[in-house]
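Here is a short tour of the chain on your screen. Have the sequence and the 3D view open side by side as you read.

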Amino acid sequence: MNPVNYLYLAALLFTIGASGVLIRRNAIVVFMCIELMLNACNLAFVAFSRMHGNLDGQVIAFFTMVVAAAEVVVGLAIIVSLFRARHSASVDDASLMKL
């Protein structure tokens with residue numbers, strides 16, 4: 001299979017994730033769309049790494065997964081605190097959490 005096909009798939013996944021972030025208002029759906037965008041970037045890194053014959057893209061994809069794991073911890077904590085305070089996971093209610 002041609003590595004360019006993987007790049008097309010990564011662009012499609014990134015577009016779906018970006019449109020989900022811009023359109024949806026539920027914090028959990030926005031959070032999953034951000035994860036989809038990060039996975040699309042990982043796919044592009046690995047495809048470019050495969051095209052050029054080195055491991056640099058795979059190493060960058062690994063570090064991106066580490067950052068995504070840290071983002072999951074922080075993001076879920078914010079979503080849980082937002083839900084406990086407002087009984088809603090809407091992104092519009094996040095501005096109401098200011099002190």
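## Ground rules

A residue is called buried when its relative accessible area is under 20%, exposed when that area is over 50%, and partly exposed in between, using a 1.4 Å probe and protein chains only. By that rule serine 49, at 3% relative accessibility, is buried.

The model is a predicted one, so local features need pLDDT of at least 70 and side-chain atom pairs count only at pLDDT 80 or more, while totals for chains, interfaces and linings use all residues. Residues are numbered from 1 along each chain as its sequence is written, and side-chain values use heavy atoms, with hydrogens and water left out.

## The chain as a whole

The chain holds 3 helices and 0 strands, running α-α-α from the N terminus on. Helices (H or I, at least four residues) and strands (E, at least two) are DSSP runs, numbered from the N terminus.

Of the 99 residues, 24% count as buried. The accessible surface comes to about 6,900 Å², and 72% of it belongs to carbon and sulfur atoms; such areas come from the Shrake-Rupley method with a 1.4 Å probe, and for residues only the protein chains shown count as cover. Now for contacts, meaning heavy atoms within 4.5 Å. Among those between residues at least 6 apart in sequence, 50% join residues at least 24 apart.

## Helix α2

Helix α2 covers residues 27–52, which makes 26 residues. From its first C-alpha to its last it reaches 38 Å, close to the expected 38 Å; the expected span is 1.5 Å times one less than the number of residues. After α2 comes glycine 53, with a positive phi near 75°.

Which residues of α2 are buried? They are Ala27, Val30, Phe31, Cys33, Glu35, Met37, Ala40, Asn42, Ala44, Ala47 and Ser49. Their cover includes α1 (3–23) and α3 (56–86). An α-helix has 3.6 residues a turn, so residues three or four places apart point the same way.

Two of these residues are worth a click. Valine 30 is found in α2 and is buried, with a relative accessible area of 14%; its C-alpha is separated by 9.1 Å from that of alanine 18, 12 residues apart along the chain. Serine 49 is also placed in α2. Leaving aside residues up to four places away in sequence, serine 49 touches Asn54, Leu55, Asp56, Gly57 and Gln58.

## Helix α3

Why does the span of α3 agree with expectation? At 1.5 Å a residue its 31 residues should span 45 Å, and the end C-alpha atoms are 44 Å apart. Histidine 87 follows α3, with a positive phi near 55°.

The buried residues here are Gly57, Ala61, Thr64, Ala68, Gly75, Ile79 and Leu82, and α2 is included in what covers them. Leucine 82, placed in α3, is buried with a relative accessible area of 5%. The C-alpha atoms of leucine 82 and alanine 27 are separated by 9.3 Å, although the two residues are 55 apart along the chain.

## A nonpolar surface patch

Leu55, Val59, Phe62, Phe63, Met65 and Val66 form a nonpolar patch on the surface, with about 610 Å² of accessible area together. Patches are made of residues with over 30% relative accessible area and no salt bridge, joining like charges within 9 Å and nonpolar side chains (Val, Leu, Ile, Met, Phe, Trp, Tyr) within 5 Å. A salt bridge here is a side-chain nitrogen of Lys or Arg within 4 Å of a carboxyl oxygen of Asp or Glu.

Is phenylalanine 63 buried or exposed? This residue of α3 is exposed, because its relative accessible area is 51%.

## Cysteines and the N-terminal segment

Cysteine 33 counts as buried at 12% relative accessibility, and cysteine 41 as partly exposed at 28%. Counting a disulfide as a pair of cysteine sulfur atoms within 2.5 Å, the chain comes to 0 disulfides.

Finally, asparagine 2 lies in the segment before α1 and is partly exposed at 44% relative accessibility.
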